[in-house]
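Keep the viewer open and click along as we go.

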Amino acid sequence: MSRLDTVSAAEFLGNAQLTRPDNMLLTLRTFHAQAANGEIEEAAAIARQLLEMLPDDELSKLMIGTVAIKQRQYNAAATTLEGLESSSFVGITAAVIKGWALIAENRYDEAQAQLDTVAAGGIEGFLTYYRALMADVADRREDALGFARKAYETDPYDVRLLSAYARMLANGSEFDEAAKIIKTYRDLGLSDPGILALEKDVLAGKRPGKLTPTVQAGAAEMFNSVGAALARDGSADLASIYLRAALYLAPDFDLAAMRLAQLYSGYGQYDDANAIYNGLPQSSPYKQQAEVGVAQNMSAAGSTEAAIEKLHRAVVADPDNLDAITAYADMLRANERYKDAADAYSLVIGMVGGEHPQDWRYYYLRGMCYERNKAWPAAEDDFQKALSLDPGNPQVLNYLGYSWIDQGVHLDEALDMIRRALKADPADGYVVDSLGWAYYRLGRYDEAVQTLEQAVQLRASDPAINDHLGDAYWQAGRRLEARFQWTIASDLDPGSDIGEKARLKLDEGLQPDIATSNG
């Protein structure tokens with residue numbers, strides 16, 4: 001389970017639990033493993049055994065209630081979930097799921113009152129979204145629109161809030177208003193497969209249907225939302241349980257499937273992730289992203305050239321596939337094919353327009369490729385363009401500032417850039433290194449030593465930072481310490497330019513012709 005190998009965990013723990021059915025801890029872990037592996041009904045059966053040993057286990061009750069919702073046993077679901085309205089994420093989830101059970105029994109007012117039981121915890125904004133979905137399923141159009149509008153206005157760039165509100169508008173033939181709020185999102189250069197598919201329907205005057213047309217889909221939405229939050233917080237086992245529950249309730253919930261596959265990928269379970277990606281139908285708006293995910297997993301598993309070729313074929317087959325072109329550019333850059341990567345980023349910039357605030361990333365990455373390919377004027381232009389789109393971006397400030405310092409130009413402006421970058425992220429060892437190197441180039445060797453020592457503490461295994469510290473020690477007259485740092489730099493990356501220059505300095509010291517180089 002620590003590696004999210006849920007298939008093996010469910011098998012091993014399940015077999016062990018059969019031999020020790022009265023072992024509470026073993027039963028608990030078996031329940032978690034089976035649920036995380038998508039064996040929801042089997043997990044619910046184990047949960048019933050667990051409740052005999054742990055009567056107050058909330059997650060067990062939640063899974064049993066979830067199975068009841070799936071099987072349309074709504075009264076049983078509401079009874080099982082009674083009394084779990086607590087401040088825990090399980091209790092909050094249970095309260096919302098119970099609300100959906102009440103919706104299924106045409107008890108709309110009681111369902112809304114059910115959400116009131118947890119609203120006092122400061123999550124009313126979050127619950128407003130589910131109030132809207134419940135009203136929509138209950139065909140309370142005015143309530144649904146009011147709640148959806150309120151939820152949307154709290155965060156107009158959340159794709160689920162936007163999608164729910166735009167769908168409700170379009171389903172009521174308010175196509176112009178739906179198109180307007182989608183355009184607000186798109187005008188910022190933002191893109192999401194689900195929103196793009198919705199936009200196509202709205203512009204064609206086609207009613208897109210409800211975001212959650214059934215009680216099961218509504219409950220799945222709750223599991224997806226909490227599962228995504230748990231994944232962001234690093235709670236992979238619980239996140240997988242929630243995302244699996246979402247897919248159990250709504251097997252065609254492609255967004256939950258994508259999130260689960262990404263979770264598996266993050267833990268190196270590439271086969272499991274690819275099985276999910278490949279399982280998405282061709283009609284899914286997320287299919288292109290899924291194919292990119294498969295290629296990225298191929299590369300992570302060691303088949304980089306095959307992955308690059310797969311992405312190249314995808315780009316040739318569909319030149320408008322932004323996900324594939326971006327991933328192709330990123331993979332080329334990661335494999336030091338900088339000229340090809342720069343060309344690919346140029347295609348991306350042409351597709352997105354290159355004038356939105358978030359487009360800074362593409363100029364920044366293309367600028368990195370130009371710089372690595374020794375095309376500095378083009379790189380400098382891209383870094384400047386990136387800063388014009390996002391003036392305070394610490395990555396761009398650091399890269400451009402460091403580059404200027406390394407070239408011995410614009411030193412004061414470069415130093416100011418690096419200080420601004422460091423203020424944004426004081427614990428970034430690379431930015432601290434840039435500041436130390438700026439002091440070095442300005443001849444302020446004592447400050448350089450002090451700052452580069454901090455950088456080494458933050459990034460102990462980076463050969464460039466060790467090399468920089470060695471140079472600063474040498475200029476400060478600390479020759480033994482300088483040779484020690486150069487030795488580390490050489491040992492860490494013996495085949496690179498940094499390693500070779502460090503070995504040269506070990507033999508000859510810091511000569512005047514390289515005393516102002518980048519080490």
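Leaving aside neighbours within four places in sequence, I241 is in contact with H32, A35, A36, L59 and M63, where contact means heavy atoms within 4.5 Å. I241 sits in helix α14, residues 236-249; helices here are DSSP runs of H or I with at least four residues, strands are E runs of at least two, and both are numbered from the N terminus. With a relative accessible area of 1%, I241 is buried, on a scale where buried means under 20% relative accessible area, exposed over 50% and partly exposed in between, using a 1.4 Å probe and protein chains only. Now pick G401, 160 residues apart from I241 along the chain: the two C-alpha atoms are separated by 45 Å.

A quick word on the ground rules. This is a predicted model, in which local features need pLDDT of at least 70 and side-chain atom pairs count only at pLDDT 80 or more, while totals for chains, interfaces and linings use all residues. Residues are numbered from 1 along each chain as its sequence is written, and side-chain values use heavy atoms, with hydrogens and water left out.

Zoom out for a moment. The protein has 29 helices and zero strands, and its C-alpha trace spans about 85 × 60 × 45 Å along the principal axes. Of its 519 residues, 51% are buried. If you take the contacts with a separation of 6 or more, 53% of them join residues 24 or more positions apart. I488 lies in helix α28, residues 479-492, and counts as partly exposed at 24% relative accessibility.

On to the interior. In soluble globular proteins, nonpolar side chains tend to be buried together. The term nonpolar core stands for a set of buried Ala, Val, Leu, Ile, Met, Phe, Trp, Tyr and Cys residues joined through side-chain atoms within 4.5 Å. The largest one here has 103 residues, and L62, I69, W100 and F223 have the most contacts inside it. Apart from that core lies another, of 69 residues, with A295, F383, V432 and Y473 among them.

Two other buried residues are worth a click. T30 belongs to helix α2, residues 24-36, and is buried with a relative accessible area of 0%. A polar atom of the T30 side chain lies 2.8 Å from the backbone oxygen of L26. Beyond four places in sequence, T30 touches L13, G14, Q17 and I46. Y165, in helix α10 (residues 159-171), counts as buried at 4% relative accessibility. Y165 touches L145, A148, R149, Y152 and I181, again leaving out residues up to four places away. The C-alpha atoms of Y165 and F147, 18 residues apart along the chain, are separated by 8.9 Å.

Next, the second largest pocket, with a volume of about 1,200 Å³. On a 1 Å grid over the protein atoms alone, a pocket is an open set of points with protein on both sides within 12 Å along at least five of seven lines, whereas a cavity is a set where a 1.4 Å probe fits but cannot get out; lining residues have an atom within 4 Å of a point. Points are joined across faces, edges and corners, and the volume is the space filled by probe spheres set on them. Of the 41 residues that line this pocket, S191, D192, P193, Q289 and D323 are the closest to its centre. Helices that each supply at least two lining residues include α11 (175-186), α12 (193-203) and α19 (322-334), but α17 gives the most, with seven. The lining divides into 17 nonpolar, 15 polar and nine charged residues; Ala, Val, Leu, Ile, Met, Phe, Trp, Tyr, Cys and Pro count as nonpolar, Asp, Glu, Lys and Arg as charged, and the others, Gly among them, as polar.

Finally, some backbone torsions. K374 has a phi near 60 degrees, a positive value in a residue other than glycine. K374 lies in the loop between α21 and α22 and counts as exposed at 78% relative accessibility. H410 also is not a glycine, yet has a positive phi of about 50 degrees. Its place is the loop between α23 (394-407) and α24 (411-424), and at 44% relative accessibility H410 counts as partly exposed.

Key. Polar contact = N/O pair within 3.5 Å; in protein donor to acceptor, adjacent residues only side chain to side chain.
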